[in-house]
Amino acid sequence: AHTVVRCKGCAEGMQGLYLACGREDEAGSASLLSVDEVGKLGLLRGCSVVLSACETAAGQVYASEGVVGLWRAFFFAGARGVVCSLWKVDDDSTELLMQRFYQLVSDGATKCQALAEAQQWIRGIALSEAEKLLGRKLRKSHRGRVKHAAAKQDGKSTSEADLLPFRSPFFWAAFVLVGA
């Protein structure tokens, strides 16, 4: 698990990554992996990185450099490609999208194909299937939106279970692949 943060210990506007499974400081809290530290790793030659937290494509814009952020640090560390998010992402849809993405990559799809197919898939997943795959009910905010959508159907007899809770681009379009 990880969280991307705008951190005090980093240069202004820069990001860091808290790793739940990473090293701990003297206080026993998860350590911060800063953009500078990621860039110095140099251990990622040819690897791909997935940053599925919120706004991992964000960064500070510099006239001479462009956007400098966490995703770019992974390139400097040797990553071949980085999947990152452009805005705050939803937990439920991100969990499902990433499960599908990893399954497709495992089955032999390229990262680009896998991301595109996972995004297409999540748009068409029914509420009942999403809850089955998650092993739980969707968060209350989703269920309320789904019930509202069911009430607005134009005379169609669509059950709540058949509605598509993640068809809006908000739930799937935040993720982009930079690189290969």
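Mentor: What follows is a set of questions and answers on a predicted model, moving from salt bridges to aromatic pairs and then to one helix.

Trainee: How many salt bridges does the structure hold, and which residues do the salt bridges that share partners join into one network?

Mentor: The structure holds three salt bridges. In one of them Arg136 pairs with Asp92, the closest N and O atoms being 2.8 Å apart, and in another Glu95 pairs with Arg136, with the closest N and O atoms 2.7 Å apart. Glu131 and Lys137 form a salt bridge as well, with 3.8 Å between the closest N and O atoms. The network built through shared partners consists of Asp92, Glu95 and Arg136.

Trainee: How many residues apart in sequence are the parts that the pair of Arg136 and Asp92 ties together?

Mentor: Arg136 forms a salt bridge with Asp92. Arg136 lies in the loop between α5 (127-134) and α6 (140-151), whereas Asp92 belongs to helix α3 (residues 91-106), so the pair ties together parts whose separation in sequence is 44 residues.

Trainee: Turning to the rings, what is the angle between the planes of Phe101 and Tyr102?

Mentor: The structure holds four aromatic pairs. One of them is formed by Phe101 and Tyr102, which are 5.5 Å apart centre to centre and edge-to-face, a class that applies to planes over 60 degrees apart. The angle between their planes is 65 degrees.

Trainee: Which residue does Phe170 pair with at 5.0 Å centre to centre, and is that partner buried or exposed?

Mentor: Phe170 and Phe171 form an edge-to-face pair, with 85 degrees between the planes, and ring pairs link Phe166, Phe170 and Phe171 into a cluster. Phe170 counts as partly exposed because its relative accessibility is 39%.

Trainee: How far does helix α4 reach from its first C-alpha to its last?

Mentor: Helix α4 covers residues 111-123 and has 13 residues. At 1.5 Å a residue the expected span is 18 Å, and the helix comes close to this, reaching 18 Å.

Trainee: Within what arc do the buried residues of α4 fall, seen down its axis, and which elements do they pack against?

Mentor: The buried residues of α4 are Ala114, Leu115, Ala118, Gln119, Trp121 and Ile122. Seen down the helix axis they fall within an arc of 165 degrees, so they line one face of α4, while Cys112 and Gln120 are exposed on the other side. The elements that the buried residues pack against are α3, α5 and β8 (175-179).

Note on methods: Residues are numbered from 1 along each chain as its sequence is written. This is a predicted model: local features need pLDDT of at least 70, side-chain atom pairs count only at pLDDT 80 or more; totals for chains, interfaces and linings use all residues. Side-chain values use heavy atoms; hydrogens and water are left out. Rings of Phe, Tyr and Trp (its six-membered ring) pair if their centres lie within 6.5 Å; planes under 30 degrees apart count as stacked, over 60 as edge-to-face and the rest as tilted. Buried means under 20% relative accessible area, exposed over 50%, partly exposed in between (1.4 Å probe, protein chains only). A salt bridge is a side-chain nitrogen of Lys or Arg within 4 Å of a carboxyl oxygen of Asp or Glu. Helices (H or I, at least four residues) and strands (E, at least two) are DSSP runs, numbered from the N terminus. The expected span of a helix is 1.5 Å times one less than its number of residues. The arc is that of the directions from the helix axis to the C-beta atoms. Contact means heavy atoms within 4.5 Å.
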